[in-house]
Amino acid sequence: MSPIDYQTSHTTITLPGLINISAFVPGITSRESRDLETISKASVAAGFTMISVLPLGIDSSQIDTHTLHAAQTYAQHGAHCDLNFSVAATPTNSEDIAELAGHVRSLFIPFNHVSGNIGDVGAAATHFDQWPKSKLMVTDAKTTALAALLLLASLYKRKLHVSSVTTAEDIRLISLCKKQGLPITCDVSVYALFFSQAEYPDCLFLPTANDQQVLWDHLSTIDIFAVGCIPYQLAAAKGYATTAEVGIADTLPLLFTAVSEGRLTVPDITARLHDNPKQIFNLPDQDSTSVEITLDRPYVVPASSTWSPLLGRTMQGSLSRVVFGGSTVCLEGKLQAEVPRGQDMSTHMPIVPIEPRGPPSPALPAETLADHAPAHDGVQAPRLEVVPLSINTSATVALPPNSVFKRAHITSVAQYTRADLHQLFTIATDMRQAVERHGVLDVLRGKVLGLVFYEPSTRTSLSFDAAMQRLGGRVVSFAEAQSSSKKGESLADTLRTIGCYTDAMVLRHPDAESMATATKFSPVPIINGGNGAEEHPTQAFLDMYTIREVQGTINKLHITFVGDLRYGRTVHSLLQLLAHYSVTVRLVAPARLQLPAKLRADLQRRGQLEAESEHLTDEILAKTDVLYCTRVQKERFANEAEYESVKDGVRVDNRTLRAAKASISIMHPLPRNRELDEEVDFDQRAVYFDQVCFPV
Ligand code: NCD
């Protein structure tokens, strides 16, 4: 018999910071609402150091830049836990919302939310076309709608996370999909595991007693436990005050009481509140963050200002400490720090280790999740390990394996669809954020890019050079003046030679035909850095990216092109890309510098050409959202006199801009001459130096 007849110490366990992947914020899109603050405080006090905010509130949703902005602005001022955002699908926003993919973690397709439901599987299907494959799709669809979405996910070969599963039928279907190896994952609201229609007969959003039993029987199918919207719905249905934080503090007591009853284990909880959410939602690690839970100390749930169905019940598992970013922010359920420390992690990428020695590891492709997501019931995927940043870093930024940009020549913008552009912008944003955080990545370690410029260049050549260095690659440069082309070597031979030393080449050449020669003879992919007066695709990608960044969207904009529209290759490429959007175009150029007939006819055929003028009139400026200025391309003129006669045809200065909108963006691919006065540089609406900095 043990001499110890009582024990005063309790078992305390330490878990990593917990993740709630379904935080319901009733006033999500309202600038006046304090709900996000309330929820971030309640979350950290309940052990959740990271929350994924549901994009749908009580009666409004995050469905575009405007509605996403309120929450993002709040997050910038500081939340009490880390958070990340997603956007909601509507029947009509599939194209526009895909452009926001780079700013959020996932797309939510709502079928059973309290408001904003998409209602129609056909409308949901358009999102499978548009939403980038590298970003997660989430749905709360049930029964037949769920079956249809699972089929779509399988046809499109993409991951789908099913949120808030409540019925026996749905969990069985998901289990079946997983057994077939489909990358389907799911979560169940903790309330749905503990409350049912048996106790609340009028609450049809809860599982029946039988459903609940089947959910427990399929515990191995459930990847994630979440808070979700059910606690709020239950409070509302029972006529209690529906405060934003309802249900959050009940999560750990419910789960740890189940541990004390032998229904769950601690690893079951850690997997579903940390490991799997992190992996499935591709969330970054939270440094020096943990929660301490006292296991064997029963306590009675006291009354509080927030309604709880647990009031007066004896529970186990009290939260003794929350450490967030190295500081104790919560002790015995009381928030210690009033200063918010949380960040918007919507675009933070997990860091994966690169072996310090030996052959370089490839950058983890964007399709990483498919490889790592649990493929079968109960089989846990390998976890990404986190390494200190002092070791070489690599972010999960890479194109999907079937991307049109992969191992292909990039000669003309005509090669690309709108979906391709979305993919490019998403990866560009991911890389940009990763570079901002880590300086240099390992994505292109071991790769060499050839810079082959037969015409002068500052931005294009240096931006490729800098991009290679930032992504961990190297460049070799070809200086025409010192090259064998001076000994009469042909372009084909030069490219064949440089192709032996490199993995890809950027070519700038005065002849429009240079691309045909290059793609015929080059052994490696060619990127067109400008071919005569024809095209400049990468500048046009960058211009599109800039417009999206500064104006929020491209659709419905009025864009005015001014200057040398005849020879300006950046204009030619950008106009073709705008074909994918609903924009209105105005052309301003001296008679001899007008747009080539073919491009003009294309604009007219698409119904995009609104006006043409030789002068930048107040009337045109007053309607313009983006003013795209260009230099008169002296090098393309057959004789100097002709250039002299048109070189000052159109000028933009502060006086010209008096009639412009306050929200206009003034762009220029640079270099500039006299067409854009330096005094405009001080105008806040001038974005041409930002245009240089946005990476593509
Ligand atoms: C342009 C070009 O070379 O086509 N500049 C650039 O690449 N950023 C525009 C010009 O030369 O006027």
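Trainee: Hi! Which angle do helix H15 and helix H16 cross at?
Mentor: Helix H15 (residues 491-501) and helix H16 (residues 514-521) cross at roughly 45 degrees, and their axes come within 9 Å. Axes here are lines fitted to C-alpha atoms, for helices over the stretch in contact, and angles run from 0 to 180 degrees between N-to-C directions. Helices are DSSP runs of H or I with at least four residues, strands are runs of E with at least two, and both are numbered from the N terminus.

Trainee: What does that make H15 relative to H16?
Mentor: The angle makes H15 oblique to H16. Angles under 35 degrees count as roughly parallel, over 145 as roughly antiparallel, 65 to 115 as roughly perpendicular and the rest as oblique.

Trainee: Is the crossing of H15 and H16 left-handed or right-handed?
Mentor: Right-handed. That word applies if the near helix is turned clockwise from the far one by less than a right angle, and left-handed if anticlockwise.

Trainee: Which residues make the contact?
Mentor: From H15 they are Leu491, Ala492, Leu495 and Arg496, and from H16 they are Ser514, Thr517, Ala518 and Phe521. Contact means heavy atoms within 4.5 Å.

Trainee: Before we go on, what kind of model is this?
Mentor: This is a predicted model, where local features need pLDDT of at least 70, side-chain atom pairs count only at pLDDT 80 or more, and totals for chains, interfaces and linings use all residues. Residues are numbered from 1 along each chain as its sequence is written, and side-chain values use heavy atoms, leaving out hydrogens and water.

Trainee: Thanks. How do H4 and H5 pack?
Mentor: Helix H4 (residues 121-130) and helix H5 (residues 143-155) pack at an angle of about 25 degrees, with axes 11 Å apart. H4 is therefore roughly parallel to H5. Their contact involves Val121, Ala124, Ala125 and Phe128 of H4, with Ala145, Ala148, Leu149, Leu152 and Ala153 on the H5 side. The crossing of H4 and H5 is right-handed.

Trainee: What about Thr143 and its phi?
Mentor: Thr143 is in helix H5. Its phi is near 45 degrees, a positive value in a residue other than glycine. Thr143 counts as partly exposed because its relative accessibility is 34%. The cut-offs are under 20% relative accessible area for buried, over 50% for exposed, and partly exposed in between (1.4 Å probe, protein chains only).

Trainee: And where does Asn282 lie?
Mentor: Asn282 lies in the loop between helix H11 (266-280) and strand S11 (290-294). Asn282 also has a positive phi, about 55 degrees, although it is not a glycine. With 17% relative accessibility, Asn282 counts as buried.

Trainee: Switching to rings: how many aromatic pairs are there?
Mentor: The count comes to 15 aromatic pairs. Rings of Phe, Tyr and Trp (its six-membered ring) pair if their centres lie within 6.5 Å; planes under 30 degrees apart are stacked, over 60 edge-to-face and the rest tilted. Phe405 and Phe541 have ring centres 6.1 Å apart and planes at 80 degrees, so this pair is edge-to-face.

Trainee: Last one: which peptide bond is cis?
Mentor: The bond joining Leu670 and Pro671 is cis, with omega about 0 degrees. Pro671 lies in the loop between strand S27 (665-667) and helix H22 (688-693).
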